[in-house]
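Morning, everyone. I have one structure to go through today, and I will keep it brief. Please have a look at it first.

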Amino acid sequence: MAEMSYRQALHDALRAEMLRDEAVFLIGEEIGVFEGSYKITAGLLAEFGPRRVRDTPISEAGFVGAAVGAAMLGLRPVVEIMTINFSLLAIDQIVNHAAKVHAMFGGQATVPLVIRTPGGGGQQLGATHSQNIEVYYAHMPGLKVVAPATPADAKGLLTAAIRDDDPVLVVENLALYNTRGEVPDGPHLVEIGTAQVTKAGRDVTVVAYSRAAAIALDVARRLEEDGISVEVVDLRSLRPLDRPTICASVRKTTRAVVLEDDWLSYGVGAEVAATIQEGAFDYLDAPVRRVAAAEVPLPYSKPLESAALPDAAALERAIRETLDGRR
Amino acid sequence: MRRRAGQGRTGEEAGEAPGAERAVPAELAGEKPEVLVGYYRQMALIRAFELRAAEMYAKARIGGYCHLNLGEEATVVGLVDALEARDYLFATYREHGYALARGVEPGRVMAELFGRATGVSGGWGGSMHLFDAARRLLGGYGIVGGQLPPATGAALAIAYRSEPGPQAEAVVCLLGDGATNTGAFHESLNLAAIWKLPIVYVCVNNGLGMGTPVEAASGEPELYRRGCSYRIVGERVDGNDPLAVRDAARRALEAAREQRQPRLLEAVSYRLRGHSVVDPARYRSREETERLRALDPLPAWRSRLIAAGILSLEEAQRIDAEAEEAVSAAVAFAEESPDPPVSELFAHAYATPVANAPRALPGDPLPTERP
């Protein structure tokens, strides 16, 4: 184990997989000479050269689609899309091509493609650069979508994604790049499709992912001092969704709150709440609460932006209200 | 648009009176007669296959969309002959003929149109999504222009793994005239140019994107010139002449293989029928339809070979009959083939097995217990 940042964990995973497999190469905007907008790929051009670290023009449909084709011929491209907002420029290539090629051609082709991209608001980047639109992709059969919340999971899920023969979207988060945590040394894989109970508790389950999972853990630890025992389920994978882990937790605690950075309507929390009512209906002692972003384009103004985004206070209030009237 | 190409001879022009002097014209002199007759055989097979596909569609044996290569046979045959077995072909959704010319058994193509398990894509793709890994036919694609970035990436993979040279692999990416207006076209050509990729984009310009004329849709209707912005050499050829298409494709492929120069080839072609089998093409005048019939590449090529003394009328009729037989056998094969079993609905959901993969059928309860 070593303590490192989420950024460093991603970097180390990329480097280790490039050393391990000649078929792995990186492709994206400003990842080489500029060393990445968020410096995840710093130093890799110098170490591996332009064949393995390929800078692209501003051409998301072009280079994401090119990565699909390269993957069909057996390479293992790892694409960086500068932010998830720009993935919309490539959505036809992701949804109609990467996600479809394997099934649509009767299993004859595989697309061992990874797309890494950060989402997240809270940086005063305005309406078009602050979105959490991972649910667009989590909706789509043929894709796998993961969203690590910790440096260890960042390494483990990215490594698993690179070794997977299906297209995997790795949703990073701008607010997490500098967070630190213990990361296993050497090869570390986290199984895609599995959630993790990051804190055990008795009174209420909080389900979250990415930045929200980090907030949930902080809040859960703090509420422990008030005698409230919160269990935290970090989804880690949005597709497939680990429904059994969610339901097992709620059957134990009998209450659930979902914390999510995406918008409320049709969001990840809606899917989680539906899962809970189907898998733990008889156990529920309170309605499932969802704490999500206010349904507006994210504003630039700091007070407005802060008001729109879910935070620890909003989660704590929802937890306390869910526990009110406890039998 | 003034079409410089498209001057394929009509049967009336080329069909000589019996007993007329028959000299092999210069442009056929260096060709092996069996190859030229082979082109006729392939064109006849595609024609027979597509006419039968339309018939089977009308009988509801074929579902979904169904786009035919009728009128495009010369382009198909000339282009595919220019490819080596090691080359990769990405196609549009109008690709039955390309699969046949690439050597896919007609039965497996027809079975795919029928949605059967024996189809070339296992019944998962249908008419628009024919794929045969062994023949390096890397798919028909249903989204206009969508195949261009993946084809460009296939060329990137070739460049990643191997050096240029006469034995190098290359990619041919088909597209229609309509696709030249998409962003994917322009992004792909730009990437191919800056990365020096071994790819030939072949635009089959049949003059119409569904019902919209090229002149109404493209700021530069001479589509081979649309590579100029990327310094990609373009060439326009008569899509009704299999030799012109083949030779231009060979030149382009040589540049792609040996110099890593991407190329843009435009084959001027015609659609003998509507956009798809359900389109009566009422947007075309009777005169235009008559004119296109006169340019039909199949009788033109037959007449040309007969006039040159390379093919007799009897032999042509025998080839036509054999094509009909092959297509009948293909239909019989498709009819007899089983549907893919519902038990395999999730067989291709993922290539790498994954925890908690959803496998519920509509109405099934969610799996909320650990297995």
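This is a predicted model: local features need pLDDT of at least 70, side-chain atom pairs count only at pLDDT 80 or more; totals for chains, interfaces and linings use all residues.

Chain A has 12 helices and 14 strands. Its radius of gyration is 20 Å, close to the 20 Å that the globule rule gives for 327 residues, so chain A is as compact as a globular protein of that length. Along the principal axes, the C-alpha trace spans about 65 × 45 × 40 Å. Of the 327 residues, 61% are buried. Take the contacts between residues at least 6 apart in sequence: 79% of them join residues at least 24 apart.

Now the sheet. In chain A, 7 strands form an open sheet with mixed pairing, in the order β3-β2-β4-β5-β7-β6-β12. Which strands stand at the edges? They are β3, residues 53-55, and β12, residues 237-239; each has a single partner strand, so one side of each is left without a neighbour in the sheet. On average, neighbouring strands here are turned by 20° against each other, ignoring direction.

Within that order, β5 (residues 114-119) and β7 (residues 168-173) of chain A pair in the parallel sense over 6 bridges. A:Thr117 stands opposite A:Val171 in β7(A).

Last, helix α7 of chain A, residues 151-163. Its 13 residues reach 19 Å from first C-alpha to last, close to the 18 Å expected at 1.5 Å a residue. Is α7(A) enclosed or open to the outside? Since 12 of its 13 residues are buried, α7(A) is largely enclosed by the rest of the structure. Among the buried ones are A:Pro151, A:Asp153, A:Lys155 and A:Ile162.

Technical notes. Residues are numbered from 1 along each chain as its sequence is written. Chains are lettered from A and ligands numbered from 1 in the order in which they are written. Helices (H or I, at least four residues) and strands (E, at least two) are DSSP runs, numbered from the N terminus. The expected span of a helix is 1.5 Å times one less than its number of residues. A residue is buried if 20 or more other C-beta atoms lie within 10 Å of its own, exposed if 12 or fewer, and partly exposed in between; C-beta atoms are placed from the backbone. Two strands pair if DSSP finds at least two bridges between them. Axes are lines fitted to C-alpha atoms, for helices over the stretch in contact, and angles run from 0 to 180 degrees between N-to-C directions. The radius of gyration is taken over C-alpha atoms; the globule rule is 2.2 Å times the number of residues to the power 0.38. Two residues are in contact if their C-beta atoms, placed from the backbone, lie within 7 Å.
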